[in-house]
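Thanks, everyone. I'll walk you through one chain today, from the inside out. Have a look first.

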Amino acid sequence: MSTPSSTPAAAPGPTGSSDAAATPALPVTFRPTRTRVVLLTVGVLMFGVISFAGLTLNRLNPGERISFVFTACIFLGVLCLLARPKVVADAAGVTVVNITRVRRLEWAEILRVNLRTGDPWVFLDLSDGSSHPVLGIQPGIAREQAISDARALRALAESRGGVEP
């Protein structure tokens, strides 16, 4: 579930575009909260179990114990990276934080906000002809919240920049 810092946009009208009056106040942050909670909880639990096992097994030498803890750290680090995505919209544009990259986009660069049936996350169609994934809005665990967040981001893009309603 994403947690925007303001009220999400209303459902789209018959034409499929969202109501511009329902755009959230800026700045607003969208992130898949349920996914983050699951990933970070599993990461901490895995770290604890692997480290505990490595430190309590009597037959292991100190180097092997360290390798257990190191492996647990790697698992936790990977899951923390997977929990990183978010989208921050402000008056100047959108900052898209994906797993390993951060990209800043001006509102005028965003032509369309897409979340089609079956898409794993939102895609932004950009003015340079490319498409940019937005992992901070993903319908995996919290589909309704992701749809609401995508509509809110679409409404912001329509009211601020290059998106045509």
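Start with a term. A nonpolar core here is a set of buried Ala, Val, Leu, Ile, Met, Phe, Trp, Tyr and Cys residues joined through side-chain atoms within 4.5 Å. Buried means under 20% relative accessible area. Keep in mind that this is a predicted model.

So, the core. The largest nonpolar core has 21 residues. Val94, Trp107, Ile110, Leu124, Ile137 and Leu153 have the most contacts inside it. The largest share is from α3, with 6 residues.

Let's stay with α3. This helix covers residues 143–160, 18 residues in total. From first C-alpha to last it reaches 25 Å, close to the 26 Å expected at 1.5 Å a residue. Is α3 mostly covered or mostly open? Mostly covered: 13 of its 18 residues are buried.

What does it touch? Leaving out residues up to four places away in sequence, Leu153 touches Phe30, Val87, Val94, Trp107, Val113, Leu124 and Ile137.

Step back to the whole chain. It has 3 helices and 7 strands. From the N terminus on, the order is β-α-α-β-β-β-β-β-β-α. There are 165 residues, and 38% of them are buried. Take the contacts between residues at least 6 apart in sequence: 53% of those join residues at least 24 apart. The accessible surface comes to about 8800 Å². Carbon and sulfur atoms account for 62% of that surface.

Pro27 sits in the segment before β1. Val28 is in strand β1. Is Val28 buried or exposed? Its relative accessible area is 0%, so Val28 counts as buried. Val28 and Ala91 are 63 residues apart along the chain, yet their C-alpha atoms are separated by 9.8 Å.

On to helix α1, residues 33–56. Its 24 residues should span 34 Å at 1.5 Å a residue, and the end C-alpha atoms are 34 Å apart, which agrees. Thr35, Leu39, Gly43, Ile50, Ser51 and Gly54 are buried in α1. What do the buried residues of α1 pack against? The partner is α2.

Helix α2 runs over residues 62–82 and includes Phe70. Phe70 has 53% relative accessibility, so it counts as exposed, the cut-off being over 50%. Phe70 also belongs to a nonpolar surface patch, along with Ile74, Val78 and Leu82. Together these four have about 360 Å² of accessible area. Look at the numbering of that patch. An α-helix has 3.6 residues a turn, so residues three or four places apart point the same way.

Back to the strands, and to Leu126 in β6. With 3% relative accessibility, Leu126 counts as buried. What does Leu126 touch? Beyond residues up to four places away in sequence, the contacts are Arg103, Leu105, Glu109, Ile110, Leu111 and His132. Trp107 is 19 residues from Leu126 in sequence, and their C-alpha atoms are 9.8 Å apart.

Last topic: charges. How many salt bridges does a search of the whole structure find? The count is 2.

One pairs Asp90 with Arg104, with the closest N and O atoms 2.8 Å apart. Asp90 lies in the loop between β2 and β3, and Arg104 in strand β4 (residues 102–106), so the pair ties together parts that are 14 residues apart in sequence. Both residues are partly exposed: Asp90 has a relative accessible area of 24%, and Arg104 is at 34%.

The other pairs Asp119 with Arg116. Here the closest N and O atoms are 3.7 Å apart. Is Asp119 buried or exposed? At 14% relative accessible area, Asp119 is buried. Arg116, at 48%, counts as partly exposed.

To recap: α3 gives the core its largest share, the buried residues of α1 pack against α2, and the search finds 2 salt bridges. Happy to go back to any of these on the screen.

Note on methods
Residues numbered from 1 in each chain as written. Predicted model: local features only at pLDDT ≥ 70, side-chain atom pairs only at ≥ 80, totals over all residues. Heavy atoms only, no water. Helix = DSSP H or I, 4+ residues; strand = E, 2+ residues; numbered from the N terminus. Expected span 1.5 Å × (residues − 1). Buried < 20%, exposed > 50% of the residue type's maximum accessible area, 1.4 Å probe, protein only. Contact = heavy atoms within 4.5 Å. Patch = residues over 30% accessible without salt bridge, like charges linked within 9 Å, V, L, I, M, F, W, Y side chains within 5 Å. Areas by Shrake-Rupley, 256 points an atom, 1.4 Å probe, with all protein chains shown as cover. Salt bridge = Lys/Arg side-chain N within 4 Å of Asp/Glu carboxyl O.
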